[in-house]
Amino acid sequence: MQQLRRDPILGRWIIIHYDRIKEPVDYKDNSAGKKNTEKFCPFCTGNEDKTPPEIYVDRPPETRPNEPGWNLRVIANKFPALRIEGDLQPRGIGIYDFMNGVGAHEVIIESPDHTKDIADLSTEQVSKVILAYKHRCIDLKKDRRFQYILIFKNHGRSAGASLEHTHSQLIALPIEPKKVREALQGAQKYYSFKERCIYCDIMRQELEERARLISENEYFIAFTPFASCSPYEMWIMPKEHCSVFHHLKEEAIGSLASMLKDILLRLKKVLTDPPFNFIINTAPIQHEAELDYYHWHIEIVPKLTKVAGFEWGSGFYINPSPPEKAAQLLREVS
Amino acid sequence: MPELRKDPVIGRWVIIATERAKRPSDFTGQQKHVKETGDCPFCSGYEDKTPPEIFAVREPQTSPNRPGWYVRDVPSMFPLMQIEGDIDRQGRGLYDQMNGIGAHEIIIETPKHIANIADLEVKQIAAVFDVYIQRIKDLEQDKRIKYVLLYKNYGVAAGGSSIRHCRTQLMALPVNPKRVKEELVGARRYYEYRERCIFCDMIRQECSTHTRVIERVDGFIAFAPYASRFPFEVWILPEDHGCDFHRLENTKGLARIMKLVMKKLSCALDDPPYNYILHTAPFRRMSSAGFWKTIDYDYHWHLEIMPRLTKIAGFEWGSGFYINPMSPEDAAKYLKDVEV
């Protein structure tokens, strides 16, 4: 039997396919694969001159910029999707609108160690990664041309990673992306009727039902969303209401790092190192103040199914692993 | 300089990253070679390997579920929706759900073991489109169904199976899909102010600038859309306004342009994986909620063909925004020039 579930924020329907339930072993072929240490890697220590100069770095005081000794580096993307120079100059030709592709595209090299994935790094190192995200957001939001900062990670070739050395990316956009706008609108609609944040309500319901809960610590919870688009999709959310990622308090960074590491390790074990994307969903940067109706969160999406004609045509997703079952397996793995 | 383009209907932005511009050859050879199955369930002579047929175009005097057919429509062997039962909507706290009532059918486009629609004859392709029309008209009678989505997954990278036999999937849904709604809302917004169909305006503008037009055949136009999400994305539209695909009277012209475009894609990109999707208006029943009267005027059915050459990664997923390394003007030029 199939069940249609509606995403409470976006209004999008998802098909949960109970007749064709897939077990973790069914996804085995998707493994991100072993790392090749022989091949040249521009992100490794010693190859600093092969990348654009560092924008942000975590390194001991006795070492010099763009030389070995660093723990984490942020650099401009060598093949940027958007360019930092220039103005937007929005214009139109007939019915078509366009503007210059102005923005920032940066790469966060999470560790000098080529052999490790983010899940294998120490909690302290993951904290450094989160701190780097936060600092880059605070710096980039000063640029008035930008409206949104998207931080994401592609792990594994089929999830879009072109280099295997663990890294994440940041793109500062001159417009509010459609997905973000949809989520904001959905959340605002709920708030204007109920006067409560929909994400806080989701969290309350998840903590009560517990069927989709994976893990919980002092500041964060992790669960599989009710209308997950992809098998084993997971969300990490701060327990305290907060709409802007870079407003994350210093004392909560360690808690987020250990949650992220824990969740990614569970995923790696249950599905034998699957390719995945994670995305930080946060409020647009021009809202300096906190929004009552939005709640930042990290979305982790394993790449296990193919998006085909049906998903493209309908915007409707088919998920062959019920989120309750996925949460149970993720909870039980040690 | 990369450029940001806004899809005029949906309002979705696309990054045309011309600095990463690629030639067709950079995308080729992506179609993995898959082994041919000896007993393909979709071939003539293997009718008993599929569920019994719902509809078929066949020789007179041949009986159902036997050879002698040209196009055959059967229920999916792995249905994502089921036809039996009533719609049951429920809420649990914040969360809404319903059971998966609908239909999932497979339209087998040829009795021969041919993989690509480009290799079928025009007459055969027209017969396939006639079956699309038949099935939509039949499913329109079922009041539980709101929308019929017809699409094709060709090649493993496009989500197709390894059985390389030409077929279309049909999904009849009890809800209007979000993508469809977005497009309808975008088209209505444009119509409200201008009282013109946005797609008709698009056709006029494409015909006057000409840089993105690939072909015009028998009242149909094929062009690379202005805000293409994918390299070599192609849309086919009827030049005469019409919102319902199933009101199309003659499918010959459509079959002719379809064959031409698919042949060109196949030659230019060495048999690439692709998806195509038929975008048509939802069923309009006066009693249902959300009905609006201008759909007949503001919406225009069309086919979207998307070669699957690039990967969708965290950025696209997080933003709903696409990075396309090839400008549609270049894509149109290649496709216009390629000899078939």
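In chain A, helix α1 passes helix α4 in a right-handed crossing, a crossing being right-handed if the near helix is turned clockwise from the far one by less than a right angle, and left-handed if anticlockwise. This is a predicted model, in which local features need pLDDT of at least 70 and side-chain atom pairs count only at pLDDT 80 or more, while totals for chains, interfaces and linings use all residues. Residues are numbered from 1 along each chain as its sequence is written, and chains are lettered from A and ligands numbered from 1 in the order in which they are written.

The two helices, α1 (residues 123-140) and α4 (residues 250-270) of chain A, pack at an angle of about 115° with their axes 8 Å apart; helices (H or I, at least four residues) and strands (E, at least two) are DSSP runs numbered from the N terminus, and axes are lines fitted to C-alpha atoms, for helices over the stretch in contact, with angles from 0 to 180 degrees between N-to-C directions. That angle makes α1(A) roughly perpendicular to α4(A), the term covering 65 to 115 degrees. Among the residues that meet are A:Val126 and A:Ile130 of α1(A) and A:Leu256 and A:Leu260 of α4(A), where contact requires C-beta atoms, placed from the backbone, within 7 Å.

Helix α6 (residues 323-332) of chain A holds A:Leu330, which counts as buried because 25 C-beta neighbours lie inside 10 Å, the cut-off being 20 or more other C-beta atoms within 10 Å. Leaving aside neighbours within four places in sequence, A:Leu330 is in contact with A:Ile214, A:Arg266 and A:Val270.

Finally, the chains meet: 56 residues of chain A are in contact with 58 residues of chain B. Among the elements that give two or more residues to the chain A side are α2 (178-194) and α3 (198-209) of chain A.

How values were computed. Contact = placed C-beta atoms within 7 Å. Buried ≥ 20, exposed ≤ 12 C-beta atoms within 10 Å, placed from the backbone. Parallel < 35°, antiparallel > 145°, perpendicular 65-115°, else oblique.
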